[in-house]
Amino acid sequence: MAGIYIEGGSDIFIDNCTFERCDIAIDARNTKNLRVNQAHINDCEKGVKLDDCWDSEINDIYIDKKAYKYSKGINNFRLTKLTTMVRFYMRAA
């Protein structure tokens, strides 16, 4: 179950939320101009999943490392590299 599930919307702003023990913290699909700011994602299998979300922005998010435990093989490599890159840019901003 997702903490927040969005399908088909625009100009959505999620601010200062905490997600714990979710399958996916934020699951958004076919959404335009989604803004996520200051989210803490703890003990979730997946953090943020965006599918066909245009002009979206994610800022200041803490994601714990539990998500790594659920991925295997190539998915784990892709998730780890992407998460590392996202964390780098979040901290640099």
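Visitor: Which residue in β3 stands opposite aspartate 27?
Guide: Aspartate 27 is found in strand β2. Its contacts beyond four places in sequence are Ala2, Ile4, Tyr5, Ile6 and Lys49. The residue opposite aspartate 27 in β3 is lysine 49.

Visitor: Is aspartate 27 buried or exposed?
Guide: The cut-off for buried is under 20% relative accessible area. Aspartate 27 has 5% relative accessibility, so it counts as buried.

Visitor: Over how many bridges do β1 and β2 pair?
Guide: β1 spans residues 2–20, and β2 spans residues 24–42. The sense is parallel, and the number of bridges between β1 and β2 is 15.

Visitor: In what sense do β2 and β4 pair?
Guide: Strand β4 holds residues 57–63. Valine 36 stands opposite isoleucine 58 in β4. Six bridges link β2 and β4, and the sense is parallel.

Visitor: What pattern does the protein chain follow along the sequence?
Guide: The protein chain has two helices and four strands. Read along the sequence, the pattern is β-β-β-β-α-α.

Visitor: Which residues touch the most other members of the largest nonpolar core?
Guide: Nonpolar side chains tend to be buried together in soluble globular proteins. Here the largest nonpolar core has 15 residues, and those that touch the most other members are Phe19, Val36 and Ile41.

Visitor: Which element gives the largest share of this core?
Guide: The elements that supply two or more residues to the core are β1, β2 and β4. The largest share is seven residues, and it comes from β2.

Visitor: What does phenylalanine 19 touch?
Guide: Phenylalanine 19 is among the core residues that touch the most other members. Leaving out residues up to four places away in sequence, phenylalanine 19 touches Gly3, Ile4, Ala25, Ile26, Ala39, His40, Ile41, Asn42 and Cys44.

Visitor: Why does threonine 31 count as buried?
Guide: Threonine 31 lies in strand β2. Beyond four places in sequence, it touches Ile6, Gly8, Gly9, Ile12, Asp52, Cys53, Trp54 and Ser56. Buried means under 20% relative accessible area. Threonine 31 is buried because its relative accessible area is 2%.

Visitor: How far apart in space are glutamine 38 and threonine 18?
Guide: In sequence, glutamine 38 and threonine 18 are 20 residues apart. In space, C-alpha to C-alpha, the distance is 8.7 Å.

Visitor: What is the phi of arginine 21 near?
Guide: Arginine 21 is found in the loop between β1 and β2. At 62% relative accessibility, arginine 21 counts as exposed. Its phi is positive in a residue other than glycine, near 55°.

Visitor: What is the phi of aspartate 60?
Guide: Aspartate 60 has its place in strand β4. Aspartate 60 is partly exposed, with a relative accessible area of 48%. Although aspartate 60 is not a glycine, its phi is positive, at about 50°.

Visitor: How much of the protein chain counts as buried?
Guide: The protein chain exposes about 6,300 Å², and carbon and sulfur atoms supply 51% of that area. Of its 93 residues, the share that counts as buried is 27%.

Visitor: Which element has the lowest mean pLDDT?
Guide: The mean pLDDT of the protein chain is 76, and 69% of its residues reach 70 or more. Over residues 71–81 the pLDDT is below 50. Where pLDDT is low, the predicted coordinates should not be read in detail. The highest mean among the elements is 92, for β1, and the lowest is 48, for helix α2.

Notes:
Residues numbered from 1 in each chain as written. Predicted model: local features only at pLDDT ≥ 70, side-chain atom pairs only at ≥ 80, totals over all residues. Heavy atoms only, no water. Buried < 20%, exposed > 50% of the residue type's maximum accessible area, 1.4 Å probe, protein only. Areas by Shrake-Rupley, 256 points an atom, 1.4 Å probe, with all protein chains shown as cover. Contact = heavy atoms within 4.5 Å. Core = buried A, V, L, I, M, F, W, Y, C linked by side-chain atoms within 4.5 Å. pLDDT = per-residue confidence, 0-100. Pairing = 2+ DSSP bridges.
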